[in-house]
Amino acid sequence: MTGEELFLIPKGLDPIRMPSHIAVIMDGNGRWAQRRGLPRIMGHRAGVEALKRTLSLCNEWGIHFLTVYAFSTENWNRPFEEVGFLMILFERILEQELKALEQKKVCIQFLGDLNVLPERLQLLIDSAIERTAKNEGVHFNICLNYGARKELVQVAQILAERSKLGLLEPSSIDEFCFAAELQTAGQPDPDLLIRTSGELRLSNFLLWQLAYSEIHVTDSLWPDFDREDLLIAVENFQARHRRFGGMEYANKL
């Protein structure tokens, strides 16, 4: 069976050149709410609906990995009330949406330092990971209390400790050895990074993994991100010629 028969790929997209892995910096929830005279928390609620739409479309279009930046290590600096609301919101999402995600065969993984999260949220995360571990639909990575610099430092510490114990020669450390200790080990790096709200920065997100990702920035605020926005992003991706530091060749990923 072809990709067109297996997945509901929109007309005009080449099923052979669909991105395998999309990463998203979901930016603009607060501004979306402010423009409507609403509390910031309403923007976060609307952002959940945008995430559900995007995940569903990835499943339909045969995009195998979706990684989203839900809460960074720097987000703890936001107002106490907003952070508290977000922790409760994460809990409610897992409680209310997990069954539907199981039915869609979504495999859920969380990236980041989860040990400092509220205990109840940690239990819900553990349950979600366990219940969906064998699912073969889209692999859904949720970056929660995640910071790329911290991830890279932790990998360096792991390799340094092995070297100290005589288990690893420093000269044998290469990119593959390093990548094997990342939280995304075993997964392909993102082919496409989408950032909403028009901002032009990575914000400490997947700094190693995004080394050769194509970047698409849209002015749409995250709660407004819809099927048309994702379609434009993938069309833009398919129009690129990826080089990976070498000779130019047509995008075949």
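Residues are numbered from 1 along each chain as its sequence is written, and side-chain values use heavy atoms, with hydrogens and water left out. Because the model is predicted, local features need pLDDT of at least 70 and side-chain atom pairs count only at pLDDT 80 or more, while totals for chains, interfaces and linings use all residues.

Helix H4 spans residues 80-103. Helices (DSSP runs of H or I, at least four residues) and strands (runs of E, at least two) are numbered from the N terminus. H4 has 24 residues and reaches 35 Å from its first C-alpha to its last. This is close to the 34 Å expected at 1.5 Å a residue, where the expected span is 1.5 Å times one less than the number of residues. Just after H4, Lys 105 takes a positive phi of about 65°.

The buried residues of H4 are Glu 82, Val 83, Phe 85, Leu 86, Met 87, Leu 89, Phe 90, Glu 91, Leu 94, Leu 98 and Leu 101. Buried means under 20% relative accessible area, exposed over 50%, and partly exposed in between (1.4 Å probe, protein chains only). An α-helix has 3.6 residues a turn, so residues three or four places apart point the same way. The cover over the buried residues of H4 includes helices H3 (40-61) and H5 (119-132). It also includes strands E2 (65-72), E3 (107-111) and E4 (139-146). Contact here means heavy atoms within 4.5 Å.

Asn 204 has phi near 65°. Its relative accessible area is 14%, so Asn 204 counts as buried. Leu 206 has phi near 45°. At a relative accessible area of 2%, Leu 206 is buried too. Neither residue is glycine.

The whole structure holds 0 disulfides, a disulfide being a pair of cysteine sulfur atoms within 2.5 Å. The sulfur of Cys 107 has its closest cysteine sulfur in Cys 143, 14 Å away, and is therefore too far for a bond. Cys 107 is buried, at 9% relative accessibility. Cys 177 is also buried, at 18%.

A cavity is a set of points where a 1.4 Å probe fits but cannot get out. A pocket is an open set with protein on both sides within 12 Å along at least five of seven lines. Lining residues have an atom within 4 Å of a point. Points are joined across faces, edges and corners, and a volume is the space filled by probe spheres set on them.

The search finds 1 cavity of 30 Å³ or more. The largest cavity has a volume of about 40 Å³. Its lining includes Thr 73, Asp 113, Tyr 146, Lys 150 and Gln 183. E4 and helix H6 (148-164) each give two or more residues to this lining. H6 gives the most, with 3 residues.

The largest pocket holds about 950 Å³ of space. Of its 44 lining residues, Met 26, Asn 29, Tyr 69, Ala 70 and Phe 71 are the closest to its centre. Elements giving two or more residues to the pocket lining are helix H2 (29-35), H3, E2, H4, E3 and E4. H3 gives the most, with 9 residues.
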